[in-house]
Protein chains: 2
Amino acid sequence: MEFQDFSAHAAVGKLAALARAPHDLTAAGGLTAERISAMKTSGCGFDLLYATQRVTPAVLDALQELADEAGLIAAYAAMRQGAVLNRIQGYASENRQVLHTACRDVFDDPPMAPEASAKARRELEKLRIFLDELASGAIVNAEGKPFTTMVQVGIGGSDLGPRALYMALKAYALCGRSARFIANVDPDDVAEVLSGLDLSRTLFNVVSKSGSTLETLTNEELVRARIVAAGLDPALHLVAVTGEGSPMDDANKYLRSFYMEDYIGGRYSATSMVGLVTLGFVLGFEAVMEILRGAHEVDRAAMEPDIRANIPLLLALLGIWNHNFLGHATVAVLPYSQALSRFPAHLQQCDMESNGKSVTRQGKTVGWKTGPVVWGEPGTNGQHAFYQLIHQGTEVVPVEFIGFRHSQYGLDLRVAGTGSQQKLLANMLAQSLALALGKQDDNPVRCFPGNRPNSILIADRLTPQIMGGLLAIYEHRIAFQGFCWNINSFDQEGVQLGKILATRLLDLIAGRMAAKGSSALEESMLQQAGIR
Amino acid sequence: MEFQDFSAHAAVGKLAALARAPHDLTAAGGLTAERISAMKTSGCGFDLLYATQRVTPAVLDALQELADEAGLIAAYAAMRQGAVLNRIQGYASENRQVLHTACRDVFDDPPMAPEASAKARRELEKLRIFLDELASGAIVNAEGKPFTTMVQVGIGGSDLGPRALYMALKAYALCGRSARFIANVDPDDVAEVLSGLDLSRTLFNVVSKSGSTLETLTNEELVRARIVAAGLDPALHLVAVTGEGSPMDDANKYLRSFYMEDYIGGRYSATSMVGLVTLGFVLGFEAVMEILRGAHEVDRAAMEPDIRANIPLLLALLGIWNHNFLGHATVAVLPYSQALSRFPAHLQQCDMESNGKSVTRQGKTVGWKTGPVVWGEPGTNGQHAFYQLIHQGTEVVPVEFIGFRHSQYGLDLRVAGTGSQQKLLANMLAQSLALALGKQDDNPVRCFPGNRPNSILIADRLTPQIMGGLLAIYEHRIAFQGFCWNINSFDQEGVQLGKILATRLLDLIAGRMAAKGSSALEESMLQQAGIR
């Protein structure tokens with residue numbers, strides 16, 4: 001793969017010229033019924049409505065040209081086939097493949113990366129057996145009773161994606177099964193999660209690829225101490241998800257171990273054992289396979305080179321239009337679904353850790369904007385919160401709405417002639433139109449400038465399969481953008497400096513390091529913060 | 001009060017000139033132990049460390065001049081005394097006082113706004129009696145058993161602030177008492193919250209100032225239907241917080257009603273009955289008074305005109321420096337405390353709904369930036385998520401850290417010579433230093449540009465009193481910024497257009513409106529979204 005600088009593409013100049021007069025959605029005829037029906041892309045159970053973006057056919061053509069020039073589909077295909085894309089040419093870097101798609105490439109024969117998919121199948125089979133043994137009573141606690149709760153102990157990618165998926169799908173939980181999550185090194189987090197739990201009926205799922213994540217090991221120690229204090233045997237209550245051969249790969253310490261490979265980045269690991277063990281415990285193995293099937297369908301559909309027929313690719317390019325050409329610093333992801341309440345937090349990690357970079361794949365400093373700030377909360381809640389700024393503030397915030405035609409629980413009530421789910425959807429569509437159209441008024445406080453770009457992604461119902469697909473749509477939106485910006489979306493060197501400084505401060509606190517010249521600053525920080 | 005345009009102040013020109021060469025924290029001597037100890041402001045149990053902001057004494061002097069020219073302290077004092085600050089001169093507007101501070105001005109004699117504080121005292125006395133009756137067994141369920149759970153039904157300000165405070169303080173819950181929250185019109189939200197609840201032991205606290213919030217009324221209907229279906233009497237299970245005389249002020253329908261006044265904005269209502277009824281149920285009346293005492297102490301301290309001795313004022317001006325002069329579009333609030341996990345969401349509302357405005361107090365369009373995008377998640381979680389972009393991305397994100405020297409639960413374990421709470425603090429301080437200092441490296445991927453502005457707000461422990469103080473610090477930071485930008489931080493006209501359009505779409509869905517020319521767009525939106 002030859003990656004070129006973003007600024008080197010001819011389409012970039014065309015787009016910059018087009019951005020001088022972007023489409024005016026507030027003008028007469030700027031947003032019509034015809035435009036709404038024309039600007040729609042469907043696939044894998046999803047419809048993407050993007051008439052409320054500030055794009056014209058000419059802009060879409062130029063974005064298509066950009067996608068072609070940057071070789072986005074070829075890069076994506078290479079990723080699925082196991083190219084070493086996690087690298088910087090000429091400099092020390094992780095030099096790894098990027099194969100989260102192989103985790104779900106277990107339906108086609110042959111798969112695109114056969115060795116990785118064979119490993120994924122092996123772990124899935126281990127998971128199936130484990131879940132069967134839990135169901136049959138072959139695995140029970142010391143008193144012979146079944147386990148009811150799984151507590152996942154992990155942080156970052158070992159927490160946010162699995163937690164977001166669990167919250168999205170817990171409406172489908174097996175009877176009597178639930179999950180909780182411990183991430184923060186804050187001891188109050190552990191204390192709060194464990195309060196009220198029956199430890200004798202609880203399995204802890206400790207997740208760390210390296211087997212050496214400080215927060216996770218600290219929390220595992222806290223958990224083990226509590227299990228012992230309750231008179232229980234930790235080896236019967238802990239399972240591990242880790243790299244094969246890591247310090248955590250120890251059959252004496254864990255009831256069962258599941259493996260993850262180094263070619264699966266933490267933030268892309270929800271469809272590996274990192275997410276599937278807890279999801280399988282709560283939802284059952286069938287639901288796990290549905291999640292994988294939904295993701296895999298999107299993985300395949302994302303090979304389509306026509307941007308108007310490829311949802312993740314189109315989302316990626318619309319994002320680039322809004323960020324690099326219209327100059328908007330952030331993007332809000334606003335799901336009209338309480339079940340997706342933590343999905344924006346997962347995307348925030350997946351996107352910002354992937355594309356918050358300033359160095360090209362050739363090791364040069366970029367001369368263009370890379371990833372935006374990603375944030376969001378579920379609607380309609382947000383309407384009563386930050387939407388004021390989105391409608392009338394001086395910062396323009398592009399919005400990605402996500403919604404579903406039907407609710408999960410089916411518990412609904414008609415009030416004033418419509419159900420809650422209809423109210424939810426009507427609100428989402430109304431916000432999309434209001435942001436685009438704006439409104440003039442004699443009272444300046446009641447004027448809305450409009451032209452606030454947004455799109456709507458909608459599906460029938462948030463099922464395991466649709467959740468898998470939604471996850472994959474966003475994973476690929478992010479990867480396509482990273483390819484286009486010529487950055488490595490798969491490392492995270494930016495988190496290292498903080499780790500090093502934290503270790504030095506902890507050494508100072510523990511008295512392991514005398515106050516030398518080099519640490520006067522750290523000493524002062526600790527003193528002024530009142531810590532020593 | 002005479003408010004002037006932000007651009008009219010002489011200090012604005014000085015600051016713009018200073019911003020051309022902001023302080024370089026990465027230079028030799030740019031960040032020293034002396035600077036850290038000099039740039040510290042303490043009060044009401046808090047220390048603010050701001051050496052890691054890109055400011056010099058000259059910048060601070062100019063910010064002081066801006067505060068003086070803009071009359072920020074006079075405006076704040078007028079607010080506390082009941083001036084009609086929620087208005088736009090010459091145009092129809094809410095024309096209300098802004099008196100959330102009066103809710104906690106119940107310790108001084110005389111208070112600054114005697115009539116409002118007298119009303120607050122009256123409601124507090126009603127609350128004290130209600131809580132006493134719950135404690136003594138005078139109020140019990142139909143079977144004579146005590147209530148254990150309060151479910152607050154509200155949205156926006158009637159949800160985010162109370163929920164954030166509940167999560168922050170539930171470590172101090174009375175034995176057997178807890179709370180839950182229903183906000184979203186999404187029927188799955190109600191279903192999920194009610195699943196597993198013993199309705200016979202549950203009180204529902206329905207909160208709506210107007211008594212007519214669509215989401216809240218819909219959710220109240222869902223709740224009432226469930227209570228009736230369980231064979232219980234809703235009038236014995238619901239309490240109301242609403243405006244006196246609103247449709248919800250009905251003794252036949254509610255066990256008890258508490259009042260809120262129209263001069264308390266929803267997003268500033270956590271220290272009114274909107275927050276205190278549920279917090280009192282869970283924490284007891286003493287804790288309620290501690291919250292109010294902490295907020296009131298900050299309210300008083302915020303009268304100090306010296307910006308170097310006034311924490312909320314200094315935070316406001318540092319924010320203006322970063323946003324208006326250094327050009328950063330967002331601000332991240334990152335609490336190193338899992339208990340504060342929802343505090344950023346509350347601030348997101350309070351700040352963005354207050355200052356996401358484009359019209360001056362005189363009804364002119366602003367010619368300067370107003371409120372930034374506010375977002376955040378608790379550390380250390382965020383370190384494993386979006387910190388990559390904060391350290392190495394192309395968007396510079398100013399950060400406000402919040403931390404505590406001691407944990408709430410006291411459940412901690414020493415691993416590798418230090419406790420979890422020490423690890424948490426060391427990480428926070430390390431991030432502050434890393435963002436400021438950056439690091440050079442031969443490998444471009446390991447370079448950190450530094451000069452990423454941040455500050456640290458630290459207190460001993462997150463108690464009810466400190467939580468009250470923290471809430472007030474941020475409320476006033478926001479109000480000071482709004483005064484400085486010459487905008488009305490207390491209305492929310494920007495949420496109206498979406499409501500109007502949503503109502504039209506619901507009319508279409510319910511078949512109450514024929515497809516006329518004016519609604520072809522809405523019809524198309526519904527059709528393309530697959531809703532009709």
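## Helix H16 of chain B

Helix H16 of chain B covers residues 496–509, and at 1.5 Å a residue its 14 residues should span 20 Å, so the 20 Å between its end C-alpha atoms agrees. Helices here are DSSP runs of H or I with at least four residues, strands are E runs of at least two, and both are numbered from the N terminus. The expected span is 1.5 Å times one less than the number of residues. This is a predicted model, in which local features need pLDDT of at least 70 and side-chain atom pairs count only at pLDDT 80 or more, while totals for chains, interfaces and linings use all residues. Residues are numbered from 1 along each chain as its sequence is written, chains are lettered from A in the order in which they are written, and side-chain values use heavy atoms, with hydrogens and water left out.

Buried residues (under 20% relative accessible area, 1.4 Å probe, protein chains only) in H16(B) include Leu497(B), Leu501(B), Leu505(B) and Ile509(B). Their cover includes helix H14 (420–437) of chain A as well as helix H17 (520–528) of chain B. Just past the helix, Gly511(B) has a positive phi of about 75°.

## Where the chains meet

Now to the interface itself. His384(B), Met525(B) and Gln528(B) supply 6% of what chain B buries against chain A, more than any other three residues.

Eight salt bridges cross this interface, each a side-chain nitrogen of Lys or Arg within 4 Å of a carboxyl oxygen of Asp or Glu. In one salt bridge, the side chains of Arg342(A) and Glu377(B) meet at 2.8 Å, N to O.

## Helix H5 of chain A

Helix H5 of chain A (residues 114–136) has 23 residues and reaches 32 Å between its first and last C-alpha, close to the expected 33 Å. Among its buried residues are Ala120(A), Leu124(A), Leu127(A) and Phe130(A). The buried residues of H5(A) pack against several elements of chain A, including strand E3 (149–153), strand E5 (202–208) and helix H10 (285–301). Just after H5(A), Gly137(A) takes a positive phi of about 90°.

Notes
Buried means under 20% relative accessible area, exposed over 50%, partly exposed in between (1.4 Å probe, protein chains only). Contact means heavy atoms within 4.5 Å. Buried area is the accessible area (1.4 Å probe) that two parts lose on being put together, summed over both.
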